[in-house]
2 protein chains.
Amino acid sequence: MEPDIELAAALFADLGAATRKGRGIVRDSYGAGEQAAHDIMRSAAGAMDLEVSVDAIGNLMMTLPGSERDAPGLLIGSHLDSVPQGGNFDGAAGVVAGLCALSGLRQAGIVPRVDISVMAIRGEESSWFDISYIGSGGAFGLLDPACLAVPRSDNGRSFESALLECGFDPGAIRERRRLLDPARIRAYLELHIEQGPTLVEMGLPAAVVTAIRGCQRFRNARCFGRYGHSGTLSRAYRQDAVAATVALLHHMESVWIRYERAGADLVFTVGELSTDPALHAPSKVAGETRFVLDIRSASDATMREVVAEARAAAKCIGDEYRVRFELGDTSDSPAAVMDTRLRARLMGLLDRPFEMASGAGHDAAVFAKVGIPSAMIFVRNENGSHNADETMNLEDFAVASRALIRLLVEFPC
Amino acid sequence: MEPDIELAAALFADLGAATRKGRGIVRDSYGAGEQAAHDIMRSAAGAMDLEVSVDAIGNLMMTLPGSERDAPGLLIGSHLDSVPQGGNFDGAAGVVAGLCALSGLRQAGIVPRVDISVMAIRGEESSWFDISYIGSGGAFGLLDPACLAVPRSDNGRSFESALLECGFDPGAIRERRRLLDPARIRAYLELHIEQGPTLVEMGLPAAVVTAIRGCQRFRNARCFGRYGHSGTLSRAYRQDAVAATVALLHHMESVWIRYERAGADLVFTVGELSTDPALHAPSKVAGETRFVLDIRSASDATMREVVAEARAAAKCIGDEYRVRFELGDTSDSPAAVMDTRLRARLMGLLDRPFEMASGAGHDAAVFAKVGIPSAMIFVRNENGSHNADETMNLEDFAVASRALIRLLVEFPC
């Protein structure tokens, strides 16, 4: 049996036609764009005669009944919202993959042992509402009720009013109601486009995800030196915040390379760095810098080690340069490790098996967090995501979808 | 014979009393504060029966006649203006030193062979008018007449109107008139407080200046990489402007250390450094940085070499990090090398001879530029200069003044 790639092609075309605005895709979370995508999926599910339901916060569940309806089922999911002016595949590919797997099973006349559901998840992107994992977090009663007051980024109206306008129930979030029971879900599977260039560069159509990287971030790191005259201060007498910061960041790059060589998963980024525009000058030794250190890894232990290395280096380099680093606290989100057995099975189903960590967050992180064995498969995608140029081709999508449908058929074996 | 340190003490007290405003000193260039200082010096010169004159742009010349009045004379000079809320010694110490040398000669009954003049120079600091070396540059007809339109920083009135209000003649600048003939000046000598911590740290009262450092500055250096997702981009695929800039700056520090170890004079400063506030983010690999490289040396050759090293490193590191550096052109001011014979003589007159470069600019640079043999002696000073806390003690001043008066007496020998 094969996934129904013709259905996929038709759904991607419908999604693009309904939600493209100018060059890019606009499927605004809890707005008209996201709803249009939900309507397309719901209509396809109806045509396939799947059982359809919508939960209190708008997640759409489309189920192919199994022979043992009381047994915990399998869930295939992803989100249907996009970023403003995003691409057609980020999120939607996972929902489409679920539907073409179910269509493939139907076409092959297979009745699965347990229910297999495709879940079209609401609000995964945090572009319109600055709330992480609205649909999946809300389904497990994990959202902070305070999020109901968060304004929509473009029109300022609250998340609560958006829910009400769509006909959903803010009470579910206010009461932290659990809409999905983890004990009823045997496994969660998510197909998603890769959002980096790795598969393109390696010439591979798909990859199994090892973990969704966590992040430990020094959001407000600072270095305090002393301003001085650039001409009159010898090196020995400087308390140069720029020189010290450069030394620290250079050291941290060498730490990264060391971990990389040892085979550890790690990315280290300084996305913001600045002297003080109010006080700096071309002819002044800098008395202060501010910067952000973003440390991500599929391993919480690796992140902890690198954070400790940064603190130790800041102390040592601070002494050497006669400055004081204040790295501050880190804001932490832990890594979400994918299920080892599911990973191994998916690897076995790829002709050219390859594993990699996911640097971006996905709903799968929430399912893993509540204890559901979860797995992800990445599809090659050109030009990154979150932009109008993202490009996934259907052959690659078929390779990943084929692994997915085979996993469903063999499950549990 | 000895310099008249009692006179110096009295003059510093008078200067402080007349020009202190709050904690700091305010001797605004071509304003009431600078004029008060000129009046004090002029009055002291009158009491010593020196010949006194004021040139077309307000420089005050106080002359002890020599026995050969037609021979080129010796000039001791410095400026009397300050920065806003500056200290009592920056500039004024050199004029006071000249007067106490002449007073010492008078007291010892010495008539010098050639005229010895003390020149109280106008407007050396560029705080109120953004014009370099107004008094000394103007005396040699070197100022761009366009400077007459430069506004005073606090009240916006033009430099020309300030000249007129003081009773001076803007025509001298407009016509680039030469008010001093370099051929009539045998040597220029300037005593000045050190504006860095070197003499304090070394426990030395005074130093002979080797040269006034020049400066080659990359004012608008930039690095162009490519913005990307900090989580999804492996090191191998990044075009990280911050990482590349850190690598370049770290390399340039190692270049500095190499020159330092080889005994070359060099200071290297990055006073401004920033990612783009409009586009950077904690979770984005940085696509751009802007920074300033300030390279100073007593040797023009050293500056040229270090500029070439920066360009070569930017090319090489740019390739390595897949980014493009645009360092742009440098704005250059050449080093002003002090006269070798005068330096050697001054060194011979110090009990603990020590030579160092001047990182800040001084009027001596202008005199050297027009071909007059020039020399400078630095006096130890605590807490740097250009602030209310600058502190020079009279014992150190006496050490330097003694070398100065002896040089005058022995000149030419």
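**Figure 1. Aromatic pairs, with Tyr30(A) and Phe159(A) in close-up.** Across all chains of this predicted model, a search of the whole structure finds 16 aromatic pairs. In the pair shown, the ring centres of Tyr30(A) and Phe159(A) are 5.3 Å apart and the ring planes stand at 70 degrees, so the pair is edge-to-face; the cut-off for that class is over 60 degrees. Tyr30(A) belongs to the loop between β2 (24-25) and α2 (32-47) of chain A, while Phe159(A) belongs to helix α5 (residues 159-165) of chain A, so the pair ties together parts that are 129 residues apart in sequence. Tyr30(A) counts as buried, at 4% relative accessibility, and Phe159(A) counts as buried at 0%.

**Figure 2. The pair of Phe140(A) and Phe367(A).** The planes of these two rings, Phe140(A) and Phe367(A), are at 85 degrees and their centres are 5.2 Å apart, so this pair is edge-to-face. It links distant parts of the chain, 227 residues apart: Phe140(A) is in the loop between α4 (134-139) and α5 of chain A, and Phe367(A) is in helix α11 (residues 364-369) of chain A. Phe140(A) is buried, with 4% relative accessible area. Phe367(A) also counts as buried, at 0% relative accessibility.

**Figure 3. An aromatic cluster in chain A.** One aromatic cluster is formed by Tyr30(A), Phe129(A), Phe159(A) and Phe168(A). For chain A the mean pLDDT is 96, and 100% of its residues reach 70 or more. The model has an ipTM of 0.86 and a pTM of 0.86.

**Figure 4. Charged side chains over rings in chain B.** Arg122(B) places its charged end over the ring of Tyr30(B), 5.5 Å from the ring centre. Lys284(B) lies over the face of Tyr227(B), and here the distance to the ring centre is 5.0 Å.

**Figure 5. Helix α1 of chain B and its two faces.** Helix α1 (residues 5-19) of chain B has 15 residues, which at 1.5 Å a residue should span 21 Å; the end C-alpha atoms are 21 Å apart, which agrees. Leu7(B), Ala8(B), Leu11(B), Phe12(B), Leu15(B), Gly16(B) and Thr19(B) are the buried residues of α1(B). Seen down the helix axis, the buried residues of α1(B) fall within an arc of 165 degrees, so they line one face. They pack against β1 (20-21), β2 (24-25), α2 (32-47), α3 (92-107) and α12 (394-410) of chain B. On the face of α1(B) turned away from the buried side are the exposed residues Glu6(B) and Ala17(B).

**Figure 6. The surroundings of Gly137(B).** Gly137(B) is part of helix α4 (residues 134-139) of chain B and counts as buried at 5% relative accessibility. Leaving out residues up to four places away in sequence, Gly137(B) touches Leu142(B), Leu143(B) and Val366(B).

Figure 7. Gln85(A) is a residue other than glycine with a positive phi, near 55 degrees. It is found in the loop between β5 (73-79) and α3 (92-107) of chain A and counts as partly exposed at 34% relative accessibility. Asn383(B), which is not a glycine, has a positive phi of about 70 degrees. Asn383(B) lies in the loop between β19 (374-379) and α12 of chain B and is partly exposed, with a relative accessible area of 47%.

Conventions:
Residues are numbered from 1 along each chain as its sequence is written. Chains are lettered from A and ligands numbered from 1 in the order in which they are written. This is a predicted model: local features need pLDDT of at least 70, side-chain atom pairs count only at pLDDT 80 or more; totals for chains, interfaces and linings use all residues. Side-chain values use heavy atoms; hydrogens and water are left out. Rings of Phe, Tyr and Trp (its six-membered ring) pair if their centres lie within 6.5 Å; planes under 30 degrees apart count as stacked, over 60 as edge-to-face and the rest as tilted. Helices (H or I, at least four residues) and strands (E, at least two) are DSSP runs, numbered from the N terminus. Buried means under 20% relative accessible area, exposed over 50%, partly exposed in between (1.4 Å probe, protein chains only). A charge sits over a ring if NZ of Lys or CZ of Arg is within 6 Å of the ring centre and within 35 degrees of the ring normal. pLDDT is the predictor's confidence in each residue, from 0 to 100. The expected span of a helix is 1.5 Å times one less than its number of residues. The arc is that of the directions from the helix axis to the C-beta atoms. Contact means heavy atoms within 4.5 Å.
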